[in-house]
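Visitor: I have a chain on my screen and a few quick questions. Can you walk me through it?
Guide: Gladly. Here it is.

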Amino acid sequence: METAGNVKRRILSKDEMLPIINAVTEAGGEFELVVTGVSMHPFLVDRRDRVYLAKCDTETIRRGDILLYTRPDGSLILHRVYKVRDNGRLDIVGDNQWQLERGVPKERVVARVTRCVRNGKQIICGKSFWDRLMRAWLYRIKMPGLFVFVYKCGKILLGK
């Protein structure tokens, strides 16, 4: 167990975490989750960044939202909404992925990310430059060649 200020933190299994997330969000609170994995890179970095999860009204989900949802095998996944389909299902993708997970039922959504702490700086979802940038980032799925070209040009222009 780790202590940060007066807050105790510990690593939970997904089986331990899911009921706690549900209880906290159903009560109107936020659940702090340290990001693990690389699927949301470059926006969220493994073990450096944190997200805050809140209850999600599935009728208000929109393109660009970051959701925590379950897969049929029970795994918990934190990815971004690429598209809300007319039938109410979701196409979802990680920021570091090119393959869409198509037709995710809204019933699998556990919570929505309301804010992130990225490299020590707080970002309010839906109200920031990063939010608009990440929505634009989703277009890379339709036009991968263009985004690779723009990315490489940006690196050259910035001298990186």
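Visitor: Let's start with one residue. Does Arg112 count as buried or exposed?
Guide: Arg112 counts as buried, because its relative accessibility is 14%. Buried means under 20% relative accessible area, exposed means over 50%, and partly exposed is in between (1.4 Å probe, protein chains only). Areas come from the Shrake-Rupley method with a 1.4 Å probe, and for residues only the protein chains shown count as cover.

Visitor: Before I go on, what kind of model is this?
Guide: This is a predicted model: local features need pLDDT of at least 70, side-chain atom pairs count only at pLDDT 80 or more, and totals for chains, interfaces and linings use all residues. Residues are numbered from 1 along each chain as its sequence is written, and side-chain values use heavy atoms, with hydrogens and water left out.

Visitor: Back to Arg112. Where does it sit, and what is it in contact with?
Guide: Arg112 is in strand E9. Its contacts, leaving aside neighbours within four places in sequence, include Tyr52, Leu53, Asp57, Asp65 and Ile66. Contact means heavy atoms within 4.5 Å.

Visitor: And Arg9? Which strand holds it?
Guide: Arg9 lies in strand E2, residues 7–9. Arg9 is partly exposed, with a relative accessible area of 26%. Arg9 and Glu32 are 23 residues apart in sequence, and their C-alpha atoms are 9.8 Å apart in space.

Visitor: Zoom out. How many helices and strands are in the protein chain?
Guide: Three helices and ten strands. Helices (H or I, at least four residues) and strands (E, at least two) are DSSP runs, numbered from the N terminus. The order from the N terminus is β-β-α-β-β-β-β-β-β-β-β-α-α.

Visitor: What share of the residues is buried?
Guide: Buried residues make up 38% of the 160 in the protein chain. The chain exposes about 9800 Å², and carbon and sulfur atoms supply 54% of that. Among contacts with a separation of 6 or more, 51% are between residues 24 or more positions apart.

Visitor: Now the strands. How many residues of E5 are buried?
Guide: Five of its five, so to speak: E5 (residues 66–70) is mostly covered. Ile66, Leu68 and Thr70 point one way, while Leu67 and Tyr69 point the other way.

Visitor: What does E5 pair with?
Guide: E5 pairs with E6 in the antiparallel sense over five bridges. Three bridges also join E5 to E9 (residues 109–118), again antiparallel. Two strands pair if DSSP finds at least two bridges between them. Leu68 stands opposite Leu78 in E6, and Tyr69 has Val109 in E9 as its bridge partner.

Visitor: What about the turn between E5 and E6?
Guide: The two strands form a hairpin with five residues between them. Gly74 in that turn has a positive phi of about 95°.

Visitor: Switching to helices. Which residues of H1 are buried?
Guide: Met17, Ile21 and Thr25. They cover an arc of only 50° around the axis, which puts them on the same side of H1. The arc is that of the directions from the helix axis to the C-beta atoms. Asp15 and Glu26 are exposed on the face turned away from the buried side.

Visitor: What covers that buried side?
Guide: The cover includes E3 (31–34), E4 (50–54), E5, E6 and E9. Just after H1, Gly28 takes a positive phi of about 90°.

Visitor: And H2, which residues are buried there?
Guide: In H2 (residues 129–137), they are Asp131, Met134 and Arg135. Seen down the axis of H2, these fall within an arc of 105°, so they line one face of the helix. Phe129 and Arg132 are exposed on the other side. Strand E6 (76–84) is part of what covers the buried residues of H2.

Visitor: Last topic. How many residues are in the largest nonpolar core?
Guide: It has 20 residues, and those with the most contacts inside it are Ile21, Leu44, Val51, Leu53 and Leu78. E9 gives the most to this core, with four residues. A nonpolar core is a set of buried Ala, Val, Leu, Ile, Met, Phe, Trp, Tyr and Cys residues joined through side-chain atoms within 4.5 Å. A second, separate core of ten residues includes Ile61, Tyr69, Val81 and Val104.
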